[in-house]
Amino acid sequence: MIQFQNVSKIYEGDVQAINNVSFNVDNGEVVILIGPSGCGKTTLLRMVNQLESITDGEIRLHGNNVKELNKIEMRRNIGYVIQSNGLFPNMTIEKNVMIVPDLLGWDRKKQRDRFHYLMELIGLHPDDYRTRYPHELSGGQQQRIGVARALAADPPVMLMDEPFGALDPIIRNRLQEEFLQIQREVKKTILFVSHDIDEAVKMGDKITLLRKGEVMQFDRPTEILNHPKNAFVSEFVGQDRVLKSMSLYSIKDLSQAISLKQKVESNDTKTIKEDTSLRIAISILLNQEADQIIVLDDAGNNLGSLTLDLIEQFLHKEVKRTEIK
Ligand SMILES: Nc1ncnc2c1ncn2[C@@H]1O[C@H](COP(=O)(O)OP(=O)(O)O)[C@@H](O)[C@H]1O
Ligand SMILES: [Mg+2]
């Protein structure tokens, strides 16, 4: 767990970059740190692994004040991924990925096995990349290697500073999906910087929204979208926040809350899998000009039909439910 307790940072020249920030990143959770450029995201991240000093307040890592931890040792226990992936150009991919295990004195066999595991995890074939150099890889592949390197020594905590920020939207989307899949397997405690609300909503268990070094809201994505605490938050998440919140719910969530319409048996009705997001479902319903769509489970069983009316009912119900809390 990472705990921020009334943390402030004043840079030389009286620049207040962080002002009295408090929130926690629980074990196994992804918290997205988001806000406009210059709001202090990178500063806050770098205070965790002591690349920046803390002016006031405390940051605790698994209960220990980071100021009292050995810097070198602590950094080995925290995976750190940055936007310009920071790979060493003159080292092979395997050397790059294995820097920390190498420093830790892992034997050859253990390193090989770990390299294999990590490359499979990030979806690159180990033997195809082992002896290649960073410049021979695409931007997306380099970012994947950056993630593998940060995971190499299996650190419980990861700090990620806009890791997919420099990539084009299609590649970024793919890496986000992969990241979520990996996280389900490795369950790290992650503080992830982003400036993109769509990315934050998709990736975060919780979101910390910063403005000029202050926390505007710290909440689950559905709360940020459905119940922005102030005008800044609602402005930041944007006008289409209802649409965004739909990408957080699947058809299955809907069918567990309210029942689908009676099954129709018709050959020309479209079908959709129940794990599809409501956002996709609604765009299909609108674009196909179909008034209903048949929902299938994994085995292809017909579960009933989905309509725009049902989606609207569900959203109303969901907004009410979160309002009560
Ligand atoms: N080394 C530094 N010295 C002085 N001011 C800095 C330094 N680094 C960042 N800042 C200032 O601190 C504020 C927060 O910067 P930063 O954490 O990089 O924001 P973000 O990552 O959200 O874009 C900005 O006003 C920035 O100009
Ligand atoms: Mg930054």
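Mentor: Let's start with handedness: a crossing is right-handed if the near helix is turned clockwise from the far one by less than a right angle, and left-handed if anticlockwise. This is a predicted model, where local features need pLDDT of at least 70, side-chain atom pairs count only at pLDDT 80 or more, and totals for chains, interfaces and linings use all residues. Residues are numbered from 1 along each chain as its sequence is written, chains are lettered from A and ligands numbered from 1 in written order, and side-chain values use heavy atoms, without hydrogens or water.

Trainee: Which hand has the crossing of H5 and H7?

Mentor: The crossing of H5 and H7 is right-handed. The axes of H5 (residues 108-121) and H7 come within 10 Å and cross at roughly 135 degrees.

Trainee: What makes H5 oblique to H7?

Mentor: The angle of roughly 135 degrees does, on a scale where under 35 is roughly parallel, over 145 roughly antiparallel, 65 to 115 roughly perpendicular and the rest oblique. H5 is therefore oblique to H7.

Trainee: Which residues of H5 and H7 meet?

Mentor: Arg114, Leu118, Met119 and Leu121 in H5 meet Ile145, Ala148 and Leu151 in H7, with contact meaning heavy atoms within 4.5 Å. By class, this contact has six nonpolar residues, no polar ones and one charged.

Trainee: How is H7 placed relative to H8, and why?

Mentor: The axes of H7 (residues 139-151) and H8 (residues 169-186) come within 11 Å and cross at roughly 20 degrees. That angle is why H7 counts as roughly parallel to H8. The crossing of H7 and H8 is right-handed too.

Trainee: What makes up the contact of H7 with H8?

Mentor: From H7, Gly140, Gln143, Arg144 and Leu151 meet Ile171, Arg174, Leu175, Glu178, Ile182 and Val186 of H8. These divide into five nonpolar, two polar and three charged residues.

Trainee: Why is the pair Glu52 and Lys9 called a salt bridge?

Mentor: The rule asks for a side-chain nitrogen of Lys or Arg within 4 Å of a carboxyl oxygen of Asp or Glu. In Glu52 and Lys9 the closest N and O atoms are 3.7 Å apart, so the pair qualifies.

Trainee: What does that pair tie together?

Mentor: Glu52 lies in the loop between helix H1 (41-48) and strand E4 (56-61), while Lys9 is in strand E1 (residues 2-11), so parts 43 residues apart in sequence are joined. The count comes to 16 salt bridges.

Methods
Axes fitted to C-alpha atoms, helices over the stretch in contact; angles between N-to-C directions. Helix = DSSP H or I, 4+ residues; strand = E, 2+ residues; numbered from the N terminus. Nonpolar A, V, L, I, M, F, W, Y, C, P; charged D, E, K, R; others polar.
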